[in-house]
Amino acid sequence: MVRETVLTPDRLVAPMFVVPGGGVRHGVPSMPGVERLSPDEAVKDARMLAGLGVPAVILFGIPALKDAEGSSAWDPAGPVPSAIAAIRAAVPGMQIWADVCLCEYTDHGHCGLLDGKGEVLNDATLPLLARAAVACARAGADAVAPSDMMDGRVGFLRAALDREALADTLIVSYAVKYASAFYGPFRDAAGSAPGSGDRRGYQMDPANAREALREAALDEAEGADILMVKPALAYLDVVRRVREGTRLPVAAYNVSGEYAMVKAAAERGWIDGERVMLETLTSIRRAGADLIVTYHAAEAARLLA
Ligand code: PBG
């Protein structure tokens, strides 16, 4: 009765890694319980999640082909648009978010186009992100979620979507995304580790919190509908400050490395994995996140039922 924070499945968003083909389920070694799925298998998981009361999924694509531009990112027959359409048809109530970034699609693994010297070209990347966003929105995504951290991309995507008569597609902005070592297992899953250099030129310095408020305010002004902070656990103070600085919903991304740490320690019997999971998710909500993107979504929803 006096509990201040309640954890319920309706605040969770489940990430999914989608690959081309049919009948594919490949486990991700550093993320026990997480699999790369072909669109038909993604439909089965989406149905299962809906049954557990999880209202939303966020899709990441692993294409058959990577090139310098990441051109598979806007292929309407690519794994993500295919999975969006299939889930939309089979699980009508499910909210579908599409992550929009180039790093899973480029052969160099950076989130944008590179110049000859290995520097990311911010403005030249924006039209490519817009093509990817429009392809996902046309396939039926409720929201696109740019995670690339190029400056000005929220406004650019908003304008591109509106021009294509996709004004109802929401933008969930990874507004505050740190250059974090906690993304390691995700990069294994997506094969998206940068081939050379790192992401510190476009992702944020973990030492900065005021800058997070600036990034959040810019994305809000450009038309973001939901603001995301990522990672979650090492940045709960940032989640709280972003929550207090906006009237938009705030999401926090409980990332792959946070998930892997719980799984690894629990496997060794060093912690009680289920209790740590629920405590973690509760703490992210207590810090002020309205929504949590988490690989624990199905497991947590099952325990909370
Ligand atoms: C793509 C992207 C990443 C994650 C979400 N979108 C990887 C990165 O920035 O390297 C990480 C998610 C996770 O670790 O669970 N840019």
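Visitor: What percentage of the 305 residues in the protein do buried residues make up?

Guide: This is a predicted model, in which local features need pLDDT of at least 70 and side-chain atom pairs count only at pLDDT 80 or more, while totals for chains, interfaces and linings use all residues. Residues are numbered from 1 along each chain as its sequence is written, and side-chain values use heavy atoms, with hydrogens and water left out. A residue is called buried under 20% relative accessible area, exposed over 50% and partly exposed in between, using a 1.4 Å probe and protein chains only. In this protein, buried residues account for 56% of the 305.

Visitor: How many helices and strands does the protein have, and what are the spans of its C-alpha trace along the principal axes?

Guide: Helices (H or I, at least four residues) and strands (E, at least two) are DSSP runs, numbered from the N terminus. The protein has 10 helices and 10 strands. Its C-alpha trace spans about 55 × 45 × 40 Å along the principal axes. The radius of gyration is taken over C-alpha atoms, and the globule rule is 2.2 Å times the number of residues to the power 0.38. For 305 residues, a compact globule would have a value near 19 Å, and the 18 Å of the protein agrees with this.

Visitor: Is strand E7 mostly covered or uncovered, and which strand does E7 join over 4 bridges?

Guide: Two strands pair if DSSP finds at least two bridges between them. Strand E7 covers residues 170-177 and is mostly covered, with 7 of its 8 residues buried. E7 pairs with strand E6 (residues 143-146) in the parallel sense over 2 bridges, and Ala143 stands opposite Leu170 in E7. Between E6 and E7 the chain passes through helix H4 (residues 153-163), and this β-α-β crossover is right-handed; that is, with the strands pointing away from the viewer, the path from the first strand over the helix to the second runs clockwise. Strand E8 (residues 226-230) is joined to E7 by 4 bridges, and the two run parallel. There, Lys177 stands opposite Lys230 in E8.

Visitor: To what does the count of salt bridges come?

Guide: A salt bridge is a side-chain nitrogen of Lys or Arg within 4 Å of a carboxyl oxygen of Asp or Glu. By this rule the count is 14. One of them joins the side chains of Glu164 and Arg138, at 2.5 Å from N to O. That pair links distant parts of the chain, since Glu164 lies in the loop between H4 and E7 and Arg138 in helix H3 (residues 122-139), 26 residues apart. Glu164 is partly exposed, at 35% relative accessible area, whereas Arg138 is exposed at 59%.

Visitor: Which parts does the pair of Arg243 and Asp290 tie together?

Guide: The side chains of Arg243 and Asp290 meet in a salt bridge of 2.6 Å, N to O. Arg243 lies in helix H7 and Asp290 in the loop between helix H9 (273-286) and strand E10 (291-294), so the pair ties together parts 47 residues apart in sequence. Arg243 counts as buried at 18% relative accessibility, and Asp290 as partly exposed at 21%. Within helix H7 (residues 236-245), Glu244 and Arg240 are 4 residues apart and therefore separated by about one helical turn. These two also form a salt bridge, with their closest N and O atoms 3.4 Å apart. A network of salt bridges links Arg25, Glu35, Glu41, Lys44 and Asp45.

Visitor: How should I read a pair of aromatic rings?

Guide: Such a pair is described by the distance of the centres and the angle of the planes. Rings of Phe, Tyr and Trp (its six-membered ring) pair if their centres lie within 6.5 Å; planes under 30 degrees apart count as stacked, over 60 as edge-to-face and the rest as tilted. By this rule the count comes to 8 aromatic pairs. Tyr174 and Tyr253 form a tilted pair, 6.1 Å centre to centre with 35 degrees between the planes. Tyr174 is in strand E7 and Tyr253 in strand E9 (residues 250-254), 79 residues apart, and both are buried. The rings of Tyr178 and Tyr235 have centres 4.1 Å apart and planes at 15 degrees, so this pair is stacked.
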